[in-house]
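This briefing is meant to be read with the sequence and the coordinates open alongside. Please keep both in view while going through the points below.

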Number of protein chains: 2
Amino acid sequence: MSDRVTLVDVARAAEVDVSLVSRVLRGQQVKVRDETRTRILDQAQRLGYRPHAIARSLKTAKAGAFGLVIPTFDNPVFAQIIMGAEAAAAQLNCVMMTTSGEGWSRNNWLEALDGGRVDGLLIAGGPTLELANLRVPYLLVNRAVPGIDRSVVLDDEKASRMAVDHLVELGHRRIVFVGGPAGADTANRRLAGFESARIRAGLESLGDPVSGNYTVAGGRLAMQRILTSGMTFTGVVAANLPSAVGALQAAQEAGLHVPERVSIVAIHDAEIAEIVQPRLTTIQMPLTQLGARGIELLSTIPPSAEVNEVVGQPMRLVLRDSTGTAP
Amino acid sequence: MSDRVTLVDVARAAEVDVSLVSRVLRGQQVKVRDETRTRILDQAQRLGYRPHAIARSLKTAKAGAFGLVIPTFDNPVFAQIIMGAEAAAAQLNCVMMTTSGEGWSRNNWLEALDGGRVDGLLIAGGPTLELANLRVPYLLVNRAVPGIDRSVVLDDEKASRMAVDHLVELGHRRIVFVGGPAGADTANRRLAGFESARIRAGLESLGDPVSGNYTVAGGRLAMQRILTSGMTFTGVVAANLPSAVGALQAAQEAGLHVPERVSIVAIHDAEIAEIVQPRLTTIQMPLTQLGARGIELLSTIPPSAEVNEVVGQPMRLVLRDSTGTAP
DNA sequence: CTGAAAGCGCTTACAG
DNA sequence: CTGAAAGCGCTTACAG
């Protein structure tokens with residue numbers, strides 16, 4: 001903007017030095033005559049002065065902002081993480097800038113976010129490989145990568161265990177798992193949790209886990225494959241909401257009533273669980289807390305400190321209509 | 001970071017002046033001996049130099065970034081706008097920073113985004129009132145405010161008209177409108193479009209429009225009120241997807257089969273339309289294009305120029321299972 | 001082909 | 001109580 005009002009404009013108008021204006025305007029407890037302070041404040045107001053965050057950043061080496069990289073905005077799971085992170089950042093008087101890096105190549109992406117624009121980066125998606133080159137402090141969120149000891153995750157294993165336990169309590173003994181994509185570490189943990197709970201409950205293994213790919217289409221396919229295999233089961237744990245929806249659809253299309261004939265529990269909770277017929281019983285995860293905790297950690301721990309944290313509370317079973325007593 | 005590598009570090013290592021390093025590194029077509037260029041590039045690489053975006057911004061008065069303010073991340077409509085904006089920004093080599101301003105008060109919000117951090121602001125939500133104080137160029141997106149001639153919107157009227165026309169073609173003559181919240185200008189335009197199409201088709205007015213509040217709960221309530229009123233109808237146009245879902249649920253709960261007894265069309269399209277039973281027929285709107293166009297305009301038109309644009313193409317009817325021949 | 005200098009708008013010791 | 005000066009890391013005329 002050509003007509004930007006700077007500190008020197010205010011200083012000139014108030015007939016003081018810019019340094020004094022700077023101190024007064026930032027509300028520092030600086031000893032200054034009331035008269036002078038008023039003059040400065042008045043002029044700043046009159047001229048419509050607004051501090052230049054960029055210039056301040058350069059001087060103080062603090063961006064006053066955090067970044068959050070997610071794989072996509074089209075997912076309520078990330079929406080919840082973002083909300084938590086934004087609230088926590090606002091608490092620190094920092095802005096939260098979220099991006100999916102849509103349209104960016106790896107290198108540009110790095111340059112763009114690693115140039116002093118942010119004081120820290122929360123990474124819930126995007127290219128993991130380049131992390132080593134990052135100069136800005138970062139933290140993996142909802143994602144653990146071996147060898148990178150900078151992450152906060154949820155208790156995915158526990159979520160699966162809660163899901164299994166719920167079905168077991170309802171009398172189910174033959175439970176299948178519709179998992180996530182092979183590459184995702186959350187998928188691995190959810191599978192591990194499923195297996196441990198299954199074994200602990202003394203349930204028979206129903207063969208290799210099948211992937212629902214975290215999508216509706218994938219969940220549907222997974223369920224179709226399970227049905228085709230002729231395997232008998234009465235309970236389903238789906239690794240996330242979309243795949244649960246797909247599994248539900250496939251089951252219904254095959255004529256299996258939910259929950260009379262088969263019960264389904266999904267990991268994660270969102271409005272979509274209330275929209276399908278029947279409404280899905282879910283395991284609600286502390287996603288907002290995860291986002292908030294990410295910012296907290298990023299802003300308090302040293303950039304090179306190891307952190308492998310699990311945000312475990314609160315988690316709860318949201319009982320709806322997709323689960324019932326085993327037939 | 002204490003160990004930040006700066007231009008002077010590279011200059012020292014390559015035994016040249018920083019200005020030369022600056023020119024070479026930015027790939028400017030500067031006449032420089034190949035040998036020197038190689039030396040500079042090598043040293044920059046060796047030291048792991050990364051440009052400091054903030055410092056560059058201060059000097060060039062270009063942030064290399066755009067901001068996008070949305071009311072919430074928990075809405076696929078905004079997800080699509082964001083994706084379009086991000087892609088368009090990347091094209092310009094700019095980062096796109098999206099925020100919902102969660103946890104910010106009005107004033108801080110203003111200061112935070114108006115301090116040189118962004119070259120322009122796309123506003124799809126947040127406090128409209130303060131716009132006049134904004135120094136950074138801005139553009140309203142999916143939103144028109146009287147007196148603020150800086151906006152890009154969709155052709156909401158046409159969307160409603162397409163919805164009505166579709167129902168009319170199927171033989172429906174008694175069509176109700178489940179509108180959006182009273183305050184929303186998109187709601188007004190969709191209502192206007194509904195009315196104009198209704199009148200053009202020679203259909204009787206079925207009383208005052210009812211608001212579904214753009215939410216599932218609101219849509220359900222609206223439908224319940226319509227049903228209670230005893231009004232007869234066979235077609236429903238819902239102003240958005242969630243309210244359509246709510247209306248659908250309420251209709252089904254009242255024993256009205258969809259689409260045998262009542263047909264429902266929703267404005268906007270997203271995966272949720274395929275998840276409900278029956279799948280919803282929708283009017284797909286060019287949300288991605290809207291976001292992209294917002295960035296295009298923001299980056300090309302003068303900050304004070306008037307712009308009132310309608311992104312009209314492409315729009316299409318997505319025929320699914322919630323509409324059928326009038327009974 | 002390369003360098004020296006000024007300056008973007010701030011903040012922060014250091015003086016007085 | 002207030003001011004003068006240096007400097008954050010760059011870029012960009014201007015010299016040579």
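What volume does the second largest cavity have? In this predicted model, the second largest cavity has a volume of about 90 Å³, and it belongs to a set of seven cavities of 30 Å³ or more that a search of the whole structure finds.

- By class, the lining of the second largest cavity divides into nine nonpolar residues, three polar residues and one charged residue.

**The largest cavity**

- The largest cavity holds about 130 Å³ of space, and among the 14 residues that line it, Val95(A), Met96(A), Met97(A), Thr99(B) and Leu113(B) are the closest to its centre.
- Two or more residues of the lining of the largest cavity come from β2 (95-99) of chain A, and two or more also from each of β2 (95-99) and α6 (106-113) of chain B.
- The lining of the largest cavity is made up of nine nonpolar residues, four polar residues and one charged residue.

**The surroundings of DNA strand D**

- DNA strand D is surrounded by 25 residues, the closest of which are Val32(A), Thr36(A), Lys59(A), Ser22(B) and Arg56(B).
- Sorted by class, the surface near DNA strand D has ten charged, eight polar and seven nonpolar residues.
- Of the atoms of DNA strand D that lie within 4 Å of the protein, 62% belong to sugar or phosphate, while the rest belong to bases.

**Polar contacts and contributing elements at DNA strand D**

- From chain B, Ser22(B) places a polar side-chain atom 2.5 Å from a phosphate oxygen of DNA strand D.
- The elements that give two or more residues to the surface near DNA strand D are α2 (18-25) and α4 (53-60) of chain A, together with α2 (18-25) and α4 (53-60) of chain B.
- The largest share of that surface, four residues, comes from α4(B).

Definitions and conventions:
Residues are numbered from 1 along each chain as its sequence is written. Chains are lettered from A and ligands numbered from 1 in the order in which they are written. This is a predicted model: local features need pLDDT of at least 70, side-chain atom pairs count only at pLDDT 80 or more; totals for chains, interfaces and linings use all residues. Side-chain values use heavy atoms; hydrogens and water are left out. A residue is near a molecule or strand if one of its heavy atoms lies within 4 Å of it. A polar contact is a pair of N or O atoms within 3.5 Å; within protein, one must be able to donate a hydrogen and the other to accept it, and residues adjacent in sequence count only if both atoms are side-chain atoms. Ala, Val, Leu, Ile, Met, Phe, Trp, Tyr, Cys and Pro count as nonpolar, Asp, Glu, Lys and Arg as charged, and the others, Gly among them, as polar. On a 1 Å grid over the protein atoms alone, a cavity is a set of points where a 1.4 Å probe fits but cannot get out, and a pocket is an open set with protein on both sides within 12 Å along at least five of seven lines; lining residues have an atom within 4 Å of a point. Grid points are joined across faces, edges and corners, and a volume is the space filled by probe spheres set on the points.
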